[in-house]
Amino acid sequence: MVEAGTHEKGDAWVLIEPSERREVIVKSKLERLYGNAIRETIESMTSNIKAKIVVEDYGALDWVLRARVESALRKYRGEQQ
Amino acid sequence: MKLRRTRLYVPGNNPHLVENVGLYEADCLILDLEDSVPIDQKFDARIMVKYALQHVDFGASEKWVRINSMDTPFWSKDLEEVIPYVQVVNVPKVESYEELDKLSEKMHEIEEKHGVEPRKIVPIIETLRGLVNAREIAKHERVVAMAWGGEDLTAELGIPKSKALILEHVRAEIVIAAKSQGKMALDTVYSNIRDEEGLFEYAKRAKYMGFDGVGVLHPNQIEIVHKAFKPDDKEIEDARKIVEAAEKAMQEGKGVIALNGRMIDKPVLERAKKILAFAEVD
(Lines give C-alpha, C1' and ligand atoms only; values in the text may rest on other atoms or scores of the structure.)
Protein backbone atom coordinates (compact mmCIF):
# COMPACT_ATOMS: atom_id res chain seq x y z
CA MET A 1 0.00 0.00 0.00
CA VAL A 2 1.31 3.46 -0.91
CA GLU A 3 -0.05 6.95 -0.42
CA ALA A 4 0.68 10.47 -1.62
CA GLY A 5 -0.54 13.98 -0.87
CA THR A 6 -2.14 15.48 2.22
CA HIS A 7 -5.58 16.20 3.66
CA GLU A 8 -4.99 19.97 3.47
CA LYS A 9 -7.14 22.50 1.62
CA GLY A 10 -6.38 22.64 -2.12
CA ASP A 11 -4.72 19.23 -2.03
CA ALA A 12 -5.66 15.62 -2.74
CA TRP A 13 -4.74 12.41 -0.93
CA VAL A 14 -4.21 9.29 -3.00
CA LEU A 15 -3.92 5.67 -1.85
CA ILE A 16 -3.09 2.70 -4.06
CA GLU A 17 -3.14 -0.88 -2.81
CA PRO A 18 -2.87 -4.22 -4.61
CA SER A 19 -6.23 -5.83 -5.30
CA GLU A 20 -7.71 -8.76 -7.24
CA ARG A 21 -9.86 -6.34 -9.18
CA ARG A 22 -9.55 -2.74 -10.27
CA GLU A 23 -11.53 -0.35 -8.09
CA VAL A 24 -11.57 3.48 -8.05
CA ILE A 25 -13.11 5.28 -5.08
CA VAL A 26 -13.43 9.08 -5.15
CA LYS A 27 -14.41 11.12 -2.11
CA SER A 28 -14.99 14.82 -2.68
CA LYS A 29 -17.26 17.50 -1.25
CA LEU A 30 -17.48 18.74 -4.84
CA GLU A 31 -18.41 15.29 -6.19
CA ARG A 32 -21.51 16.61 -7.98
CA LEU A 33 -19.49 19.29 -9.85
CA TYR A 34 -16.13 17.67 -10.36
CA GLY A 35 -16.58 13.95 -9.68
CA ASN A 36 -16.50 12.99 -13.35
CA ALA A 37 -13.48 15.19 -14.13
CA ILE A 38 -11.58 13.69 -11.18
CA ARG A 39 -12.46 10.15 -12.33
CA GLU A 40 -11.35 10.96 -15.89
CA THR A 41 -7.97 12.18 -14.65
CA ILE A 42 -7.48 9.10 -12.47
CA GLU A 43 -8.56 6.85 -15.32
CA SER A 44 -6.21 8.48 -17.84
CA MET A 45 -3.22 7.98 -15.52
CA THR A 46 -3.90 4.60 -13.95
CA SER A 47 -5.96 2.57 -16.41
CA ASN A 48 -3.16 0.01 -16.85
CA ILE A 49 -2.96 -1.07 -13.21
CA LYS A 50 -5.16 -3.53 -11.36
CA ALA A 51 -5.42 -2.08 -7.88
CA LYS A 52 -7.69 -0.34 -5.41
CA ILE A 53 -7.28 3.41 -5.86
CA VAL A 54 -8.76 5.82 -3.34
CA VAL A 55 -8.69 9.57 -3.95
CA GLU A 56 -9.84 12.07 -1.34
CA ASP A 57 -10.19 15.49 -2.92
CA TYR A 58 -9.92 18.69 -0.86
CA GLY A 59 -10.51 21.11 -3.71
CA ALA A 60 -7.39 20.22 -5.69
CA LEU A 61 -6.87 21.73 -9.14
CA ASP A 62 -6.38 19.19 -11.94
CA TRP A 63 -2.57 19.63 -12.02
CA VAL A 64 -2.40 19.06 -8.25
CA LEU A 65 -4.45 15.86 -8.58
CA ARG A 66 -2.16 14.72 -11.41
CA ALA A 67 0.93 15.40 -9.30
CA ARG A 68 -0.44 13.36 -6.41
CA VAL A 69 -1.56 10.47 -8.64
CA GLU A 70 1.86 10.39 -10.36
CA SER A 71 3.54 10.41 -6.96
CA ALA A 72 1.45 7.49 -5.68
CA LEU A 73 1.88 5.55 -8.94
CA ARG A 74 5.66 5.88 -8.91
CA LYS A 75 5.81 4.70 -5.31
CA TYR A 76 3.47 1.80 -6.19
CA ARG A 77 5.88 0.81 -8.97
CA GLY A 78 8.69 0.68 -6.44
CA GLU A 79 10.49 3.98 -6.93
CA GLN A 80 12.46 4.88 -3.83
CA GLN A 81 12.08 8.13 -1.90
CA MET B 1 18.28 44.44 -16.46
CA LYS B 2 16.88 41.55 -14.39
CA LEU B 3 15.99 42.68 -10.87
CA ARG B 4 16.17 40.29 -7.93
CA ARG B 5 15.10 42.66 -5.13
CA THR B 6 12.76 40.08 -3.64
CA ARG B 7 12.73 36.30 -3.70
CA LEU B 8 9.74 34.76 -1.97
CA TYR B 9 10.10 31.31 -0.40
CA VAL B 10 7.04 29.08 -0.88
CA PRO B 11 6.84 25.56 0.63
CA GLY B 12 7.01 23.17 -2.34
CA ASN B 13 4.59 20.57 -1.00
CA ASN B 14 1.72 22.98 -0.27
CA PRO B 15 -0.37 23.41 -3.45
CA HIS B 16 -2.71 25.87 -1.75
CA LEU B 17 0.19 28.28 -1.15
CA VAL B 18 1.77 27.60 -4.55
CA GLU B 19 -1.37 28.21 -6.65
CA ASN B 20 -1.43 32.01 -6.52
CA VAL B 21 2.26 32.87 -6.34
CA GLY B 22 2.18 34.87 -9.58
CA LEU B 23 -0.14 37.46 -8.03
CA TYR B 24 2.43 38.61 -5.49
CA GLU B 25 4.81 40.25 -7.99
CA ALA B 26 8.01 39.18 -6.29
CA ASP B 27 11.00 39.47 -8.63
CA CYS B 28 11.76 35.79 -7.97
CA LEU B 29 9.66 32.93 -6.59
CA ILE B 30 11.37 30.03 -4.86
CA LEU B 31 9.51 26.76 -4.64
CA ASP B 32 11.25 25.17 -1.70
CA LEU B 33 12.19 21.50 -1.47
CA GLU B 34 14.56 21.94 1.46
CA ASP B 35 13.79 23.24 4.97
CA SER B 36 10.03 23.66 4.58
CA VAL B 37 9.52 20.05 3.45
CA PRO B 38 9.67 17.21 6.03
CA ILE B 39 11.82 14.21 5.07
CA ASP B 40 8.82 11.92 4.49
CA GLN B 41 7.33 14.42 2.00
CA LYS B 42 10.44 14.96 -0.15
CA PHE B 43 9.25 12.52 -2.84
CA ASP B 44 5.78 14.07 -3.16
CA ALA B 45 7.16 17.60 -3.02
CA ARG B 46 9.54 17.30 -5.96
CA ILE B 47 6.74 15.92 -8.15
CA MET B 48 4.37 18.66 -6.94
CA VAL B 49 7.01 21.29 -7.79
CA LYS B 50 7.55 19.77 -11.25
CA TYR B 51 3.82 20.17 -11.98
CA ALA B 52 3.64 23.65 -10.41
CA LEU B 53 6.49 24.90 -12.61
CA GLN B 54 4.47 23.83 -15.66
CA HIS B 55 0.94 24.82 -14.65
CA VAL B 56 1.10 27.79 -12.24
CA ASP B 57 1.19 31.31 -13.67
CA PHE B 58 4.35 32.89 -12.26
CA GLY B 59 3.58 36.27 -13.86
CA ALA B 60 6.80 38.19 -14.41
CA SER B 61 8.57 36.43 -11.54
CA GLU B 62 11.67 34.37 -12.20
CA LYS B 63 11.11 30.65 -11.46
CA TRP B 64 13.48 29.30 -8.81
CA VAL B 65 13.61 26.01 -6.94
CA ARG B 66 15.62 25.52 -3.75
CA ILE B 67 16.85 21.94 -3.94
CA ASN B 68 18.16 19.88 -1.03
CA SER B 69 21.83 20.32 -0.15
CA MET B 70 24.50 18.11 -1.68
CA ASP B 71 25.18 16.27 1.57
CA THR B 72 21.70 14.67 1.32
CA PRO B 73 20.54 11.82 -0.98
CA PHE B 74 17.89 14.11 -2.48
CA TRP B 75 19.65 16.76 -4.58
CA SER B 76 20.12 14.80 -7.81
CA LYS B 77 16.53 13.50 -7.74
CA ASP B 78 15.36 17.08 -7.20
CA LEU B 79 17.31 18.15 -10.30
CA GLU B 80 15.88 15.30 -12.40
CA GLU B 81 12.35 16.57 -11.80
CA VAL B 82 12.79 20.34 -11.99
CA ILE B 83 15.58 21.11 -14.47
CA PRO B 84 13.37 20.95 -17.60
CA TYR B 85 11.06 23.67 -16.23
CA VAL B 86 13.04 25.86 -13.79
CA GLN B 87 15.08 29.02 -14.48
CA VAL B 88 17.30 29.22 -11.40
CA VAL B 89 18.49 26.47 -9.07
CA ASN B 90 19.00 27.72 -5.51
CA VAL B 91 21.54 25.50 -3.75
CA PRO B 92 21.86 25.49 0.05
CA LYS B 93 25.07 24.98 2.04
CA VAL B 94 27.48 25.28 -0.89
CA GLU B 95 31.05 24.96 0.37
CA SER B 96 33.31 24.80 -2.69
CA TYR B 97 33.69 25.47 -6.41
CA GLU B 98 34.20 21.72 -6.98
CA GLU B 99 30.83 20.98 -5.41
CA LEU B 100 29.16 23.36 -7.88
CA ASP B 101 31.04 21.69 -10.73
CA LYS B 102 29.61 18.33 -9.71
CA LEU B 103 26.13 19.87 -9.57
CA SER B 104 26.66 21.60 -12.91
CA GLU B 105 27.69 18.31 -14.52
CA LYS B 106 24.46 16.64 -13.37
CA MET B 107 22.46 19.66 -14.58
CA HIS B 108 24.17 19.47 -17.97
CA GLU B 109 23.28 15.80 -18.31
CA ILE B 110 19.57 16.53 -17.67
CA GLU B 111 19.56 19.65 -19.87
CA GLU B 112 21.00 17.63 -22.77
CA LYS B 113 18.42 14.89 -22.27
CA HIS B 114 15.54 17.40 -22.39
CA GLY B 115 17.07 19.79 -24.92
CA VAL B 116 16.82 22.85 -22.67
CA GLU B 117 19.13 25.84 -22.18
CA PRO B 118 21.67 25.81 -19.31
CA ARG B 119 19.98 26.78 -16.05
CA LYS B 120 21.43 29.34 -13.64
CA ILE B 121 22.62 28.73 -10.08
CA VAL B 122 22.34 30.85 -6.93
CA PRO B 123 24.42 29.22 -4.18
CA ILE B 124 23.64 29.90 -0.53
CA ILE B 125 26.70 30.30 1.69
CA GLU B 126 25.83 28.96 5.14
CA THR B 127 29.04 27.58 6.65
CA LEU B 128 32.50 28.89 7.53
CA ARG B 129 34.06 26.70 4.83
CA GLY B 130 31.62 28.09 2.29
CA LEU B 131 32.46 31.61 3.41
CA VAL B 132 36.21 31.01 3.05
CA ASN B 133 35.60 29.73 -0.52
CA ALA B 134 32.92 32.28 -1.47
CA ARG B 135 35.18 34.22 -3.88
CA GLU B 136 35.98 31.01 -5.78
CA ILE B 137 32.35 29.86 -5.76
CA ALA B 138 31.25 33.20 -7.27
CA LYS B 139 33.52 32.53 -10.27
CA HIS B 140 31.44 29.57 -11.47
CA GLU B 141 29.94 30.34 -14.88
CA ARG B 142 26.43 29.26 -13.89
CA VAL B 143 26.35 31.49 -10.79
CA VAL B 144 24.33 34.67 -11.32
CA ALA B 145 24.07 35.72 -7.67
CA MET B 146 25.39 34.83 -4.23
CA ALA B 147 23.08 34.40 -1.24
CA TRP B 148 23.80 33.55 2.39
CA GLY B 149 22.19 32.25 5.57
CA GLY B 150 23.34 32.66 9.17
CA GLU B 151 21.86 29.76 11.14
CA ASP B 152 24.48 27.07 10.49
CA LEU B 153 27.30 29.56 10.55
CA THR B 154 26.48 30.93 14.00
CA ALA B 155 25.78 27.39 15.25
CA GLU B 156 29.30 26.43 14.11
CA LEU B 157 30.66 29.32 16.17
CA GLY B 158 28.42 28.55 19.12
CA ILE B 159 26.89 32.02 19.28
CA PRO B 160 23.23 33.09 19.09
CA LYS B 161 22.36 34.46 15.66
CA SER B 162 20.58 37.50 17.09
CA LYS B 163 23.78 38.64 18.82
CA ALA B 164 26.34 37.54 16.23
CA LEU B 165 28.49 40.56 15.39
CA ILE B 166 30.41 38.50 12.84
CA LEU B 167 27.40 38.50 10.51
CA GLU B 168 28.22 42.05 9.40
CA HIS B 169 31.56 40.73 8.17
CA VAL B 170 29.82 37.81 6.49
CA ARG B 171 27.49 40.22 4.68
CA ALA B 172 30.41 42.29 3.45
CA GLU B 173 32.29 39.19 2.31
CA ILE B 174 29.28 37.95 0.30
CA VAL B 175 29.00 41.33 -1.43
CA ILE B 176 32.73 41.43 -2.21
CA ALA B 177 32.76 37.83 -3.48
CA ALA B 178 29.76 38.41 -5.75
CA LYS B 179 30.55 41.90 -7.02
CA SER B 180 34.19 41.15 -7.78
CA GLN B 181 32.87 38.62 -10.33
CA GLY B 182 30.13 40.88 -11.66
CA LYS B 183 27.41 38.79 -9.97
CA MET B 184 24.50 39.90 -7.81
CA ALA B 185 24.60 39.75 -4.01
CA LEU B 186 21.43 38.77 -2.16
CA ASP B 187 20.87 39.33 1.55
CA THR B 188 19.10 36.81 3.77
CA VAL B 189 15.49 37.07 5.04
CA TYR B 190 14.08 39.37 7.71
CA SER B 191 12.17 36.82 9.72
CA ASN B 192 9.81 39.02 11.76
CA ILE B 193 6.99 39.20 9.22
CA ARG B 194 4.91 41.59 11.36
CA ASP B 195 7.60 44.24 11.76
CA GLU B 196 7.15 46.37 8.63
CA GLU B 197 9.30 49.30 9.79
CA GLY B 198 12.08 46.96 10.83
CA LEU B 199 11.94 45.27 7.42
CA PHE B 200 12.12 48.62 5.60
CA GLU B 201 15.22 49.64 7.59
CA TYR B 202 16.75 46.18 7.08
CA ALA B 203 16.23 46.34 3.30
CA LYS B 204 17.62 49.91 3.12
CA ARG B 205 20.67 48.76 5.02
CA ALA B 206 21.07 45.79 2.67
CA LYS B 207 20.90 48.15 -0.30
CA TYR B 208 23.63 50.44 1.04
CA MET B 209 25.73 47.42 1.99
CA GLY B 210 25.81 46.62 -1.74
CA PHE B 211 23.14 43.92 -1.91
CA ASP B 212 20.73 43.70 -4.85
CA GLY B 213 17.86 42.15 -2.90
CA VAL B 214 16.71 40.32 0.20
CA GLY B 215 14.78 37.10 0.80
CA VAL B 216 11.13 37.34 1.88
CA LEU B 217 8.94 34.89 3.79
CA HIS B 218 5.53 36.51 3.36
CA PRO B 219 3.88 38.25 0.37
CA ASN B 220 3.27 41.34 2.56
CA GLN B 221 7.03 41.90 2.71
CA ILE B 222 7.44 42.30 -1.06
CA GLU B 223 6.16 45.83 -1.57
CA ILE B 224 8.07 47.12 1.47
CA VAL B 225 11.36 45.76 0.14
CA HIS B 226 10.71 47.12 -3.36
CA LYS B 227 10.06 50.53 -1.79
CA ALA B 228 13.29 50.34 0.19
CA PHE B 229 15.29 49.52 -2.95
CA LYS B 230 13.69 52.33 -4.96
CA PRO B 231 16.13 55.22 -5.48
CA ASP B 232 15.06 58.72 -4.36
CA ASP B 233 13.96 61.40 -6.86
CA LYS B 234 17.35 63.12 -7.03
CA GLU B 235 19.17 59.84 -7.66
CA ILE B 236 16.71 59.04 -10.46
CA GLU B 237 17.00 62.50 -12.02
CA ASP B 238 20.82 62.43 -11.97
CA ALA B 239 20.85 58.92 -13.42
CA ARG B 240 18.46 59.88 -16.19
CA LYS B 241 20.68 62.82 -17.21
CA ILE B 242 23.74 60.56 -17.35
CA VAL B 243 21.99 57.92 -19.48
CA GLU B 244 20.60 60.61 -21.82
CA ALA B 245 24.08 62.13 -22.19
CA ALA B 246 25.45 58.68 -23.05
CA GLU B 247 22.73 58.12 -25.67
CA LYS B 248 23.42 61.55 -27.17
CA ALA B 249 27.17 60.88 -27.31
CA MET B 250 26.51 57.57 -29.05
CA GLN B 251 24.20 59.16 -31.64
CA GLU B 252 26.81 61.81 -32.37
CA GLY B 253 29.53 59.16 -32.65
CA LYS B 254 31.52 60.59 -29.74
CA GLY B 255 33.67 58.24 -27.70
CA VAL B 256 33.59 60.47 -24.64
CA ILE B 257 30.46 61.17 -22.59
CA ALA B 258 30.28 64.59 -20.97
CA LEU B 259 27.69 66.11 -18.68
CA ASN B 260 27.86 69.71 -17.44
CA GLY B 261 31.52 69.83 -18.43
CA ARG B 262 32.42 66.65 -16.54
CA MET B 263 33.44 63.37 -18.11
CA ILE B 264 31.27 60.36 -17.34
CA ASP B 265 33.18 57.11 -17.21
CA LYS B 266 31.85 53.57 -17.60
CA PRO B 267 31.23 52.64 -13.92
CA VAL B 268 29.23 55.86 -13.43
CA LEU B 269 27.11 55.05 -16.49
CA GLU B 270 26.57 51.47 -15.28
CA ARG B 271 25.49 52.72 -11.85
CA ALA B 272 23.09 55.18 -13.48
CA LYS B 273 21.53 52.37 -15.52
CA LYS B 274 21.15 50.26 -12.39
CA ILE B 275 19.47 53.13 -10.53
CA LEU B 276 16.98 53.53 -13.38
CA ALA B 277 16.32 49.80 -13.38
CA PHE B 278 15.61 49.93 -9.65
CA ALA B 279 13.38 52.95 -10.24
CA GLU B 280 11.50 50.82 -12.79
CA VAL B 281 12.02 53.32 -15.60
CA ASP B 282 14.04 52.55 -18.69
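The structure is a predicted model, in which local features need pLDDT of at least 70 and side-chain atom pairs count only at pLDDT 80 or more, while totals for chains, interfaces and linings use all residues. Residues are numbered from 1 along each chain as its sequence is written, and chains are lettered from A and ligands numbered from 1 in the order in which they are written. Chain A contains an open sheet of four strands, whereas chain B contains a closed barrel of eight strands.

**Terms for strands and helices**

- Helices (H or I, at least four residues) and strands (E, at least two) are DSSP runs, numbered from the N terminus.
- Two strands pair if DSSP finds at least two bridges between them.
- Strands of a sheet pair through backbone hydrogen bonds, either parallel or antiparallel.

**The open sheet of chain A**

- The strands of this sheet follow the order β1-β2-β4-β3 (chain A), and their pairing is mixed.
- Why does one side of β1 and of β3 of chain A lack a neighbour in the sheet? Both strands stand at the edges and each has a single partner strand, so one side of each is left without a neighbour.
- Neighbouring strands of this sheet are turned by 10° against each other on average, direction ignored; for such angles, axes are lines fitted to C-alpha atoms, for helices over the stretch in contact, and angles run from 0 to 180 degrees between N-to-C directions.
- Strand β2 (residues 12–18) of chain A runs antiparallel to β4(A) and is joined to β4(A) by seven bridges; here A:Leu15 stands opposite A:Val54.
- Strand β3 (residues 23–28) of chain A runs parallel to β4(A), with six bridges between them.
- Strand β4 (residues 51–57) of chain A has a covered face made up of A:Ala51, A:Ile53, A:Val55 and A:Asp57, and an uncovered face made up of A:Lys52, A:Val54 and A:Glu56.
- Helix α1 (residues 31–46) of chain A lies across β3 and β4 of chain A and runs at about 145° to β3(A).

**The barrel of chain B**

- The barrel runs β1-β2-β3-β4-β5-β6-β7-β8 (chain B), with parallel pairing.
- Its neighbouring strands are turned by 25° against each other on average, direction ignored.
- Strand β1 (residues 6–11) and strand β2 (residues 28–32) of chain B pair in the parallel sense over five bridges, and B:Pro11 stands opposite B:Asp32 in β2(B).
- Strand β4 (residues 88–91) of chain B pairs with β5(B) in the parallel sense over four bridges, and B:Val88 has B:Lys120 as its bridge partner.
- In strand β5 (residues 120–125) of chain B, five of the six residues are buried; a residue is buried if 20 or more other C-beta atoms lie within 10 Å of its own, exposed if 12 or fewer, and partly exposed in between, with C-beta atoms placed from the backbone.

**Domains and nonpolar core**

- Chain B is divided into domain 1 (6–229) and domain 2 (233–278), and these bounds come from an automatic or database domain assignment.
- The C-alpha centres of the two domains lie 33 Å apart.
- The largest nonpolar core has 92 residues, and those with the most contacts inside it include B:Leu29, B:Val49 and B:Val214.
- A nonpolar core is a set of buried Ala, Val, Leu, Ile, Met, Phe, Trp, Tyr and Cys residues joined through C-beta atoms within 7 Å.

**Contact between the chains**

- The contact takes 16 residues from chain A and eleven residues from chain B; two residues are in contact if their C-beta atoms, placed from the backbone, lie within 7 Å.
- On the side of chain A that touches chain B, α2(A) gives the most, with seven residues.

**Single residues**

- B:Lys93 lies in the loop between β4 and α4 (97–114) of chain B and has a positive phi of about 50° although it is not a glycine.
- Is B:Lys93 buried or exposed? B:Lys93 is buried, because 20 other C-beta atoms lie within 10 Å.
- B:Asn260, in the loop between β9 (257–259) and β10 (262–264) of chain B, also has a positive phi of about 50° without being a glycine.
- B:Asn260 counts as exposed because it has 7 C-beta neighbours inside 10 Å.
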